[in-house]
Structure formats: C-alpha cells, structure tokens
Amino acid sequence: RVALPGGPAAVILHLGPYDAMLPTYEALEHWLTEHDLTVAGAPWERYLSEPEGDPATWRTEIVQPATDRG
C-alpha cells in the first residue's frame, strides 16, 4: 500500500513501450518550465494498459507533483 501526496500535479500520457519513456518525461519537464512550475516531489506512473501485445499501444500516465515557482 502506498500513500500518494495530495496537491497540484502535472499529468502526461505516454503511448508506447516503457523503455521509450524518456522523451515523455522530458516533455513534461519542458511543460513545467514553460508554465513557471517546479517539481514538488517524485513522479509516479500509472499503467493504464497491460504490457502485452504491441508495445506501441501500451499507455502509461505520468504524474508529477508541482508547485508555483513564486
């Protein structure tokens, strides 16, 4: 059992295999910077599909806790 922190977070959907997630994480980081937000804890991943069949169809939600820079 894991307790996740409450509060604002940025969420992005990755479509594809797990070993190709780096560009999605980079896009999320870029989005945070563009919107004057900063990381407020470790991200977590929510697997929306089973890792079976064509890896190009696997869906993973990445959630990054974030706060205003001000």
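This is a predicted model: local features need pLDDT of at least 70, side-chain atom pairs count only at pLDDT 80 or more; totals for chains, interfaces and linings use all residues.
The protein contains one helix and four strands, and its elements follow the order β-α-β-β-β from the N terminus on. Along the principal axes, the C-alpha trace spans about 45 × 30 × 15 Å. Of the 70 residues, 23% count as buried. The protein exposes about 5000 Å², of which carbon and sulfur atoms supply 55%. Among contacts between residues at least 6 apart in sequence, 64% join residues at least 24 apart. The charged side chains comprise 4 positive and 11 negative ones, and the centres of these two sets lie 10 Å apart.

Two aromatic pairs are present in the structure. In one of them, the ring centres of Tyr18 and Tyr47 are 5.2 Å apart and the ring planes stand at 70 degrees; the pair is therefore edge-to-face, since an angle over 60 degrees places a pair in that class. This pair links distant parts of the chain, 29 residues apart. Tyr18 is located in the loop between strand E1 (9-15) and helix H1 (22-34), whereas Tyr47 belongs to strand E3 (residues 44-47). Tyr18 has a relative accessibility of 31% and so counts as partly exposed. Tyr47, with a relative accessible area of 45%, is likewise partly exposed.

Tyr18 also forms an aromatic pair with Trp58; here the distance from centre to centre is 5.1 Å and the planes are 45 degrees apart, an arrangement that is tilted. Because Tyr18 lies in the loop between E1 and H1 and Trp58 in the loop between E3 and strand E4 (59-68), this pair ties together parts that are 40 residues apart in sequence. Trp58 has a relative accessibility of 14% and therefore counts as buried, the limit for that class being under 20%. Through these ring pairs, Tyr18, Tyr47 and Trp58 are linked into a cluster.

Ser49 is situated in the loop between E3 and E4.

Key:
Residues are numbered from 1 along each chain as its sequence is written. Side-chain values use heavy atoms; hydrogens and water are left out. Rings of Phe, Tyr and Trp (its six-membered ring) pair if their centres lie within 6.5 Å; planes under 30 degrees apart count as stacked, over 60 as edge-to-face and the rest as tilted. Helices (H or I, at least four residues) and strands (E, at least two) are DSSP runs, numbered from the N terminus. Buried means under 20% relative accessible area, exposed over 50%, partly exposed in between (1.4 Å probe, protein chains only). Contact means heavy atoms within 4.5 Å. Accessible areas come from the Shrake-Rupley method with a 1.4 Å probe; for residues, only the protein chains shown count as cover. Lys and Arg count as positive and Asp and Glu as negative; His and the chain ends are not counted. The place of a charge is taken as NZ of Lys, CZ of Arg, CG of Asp or CD of Glu.
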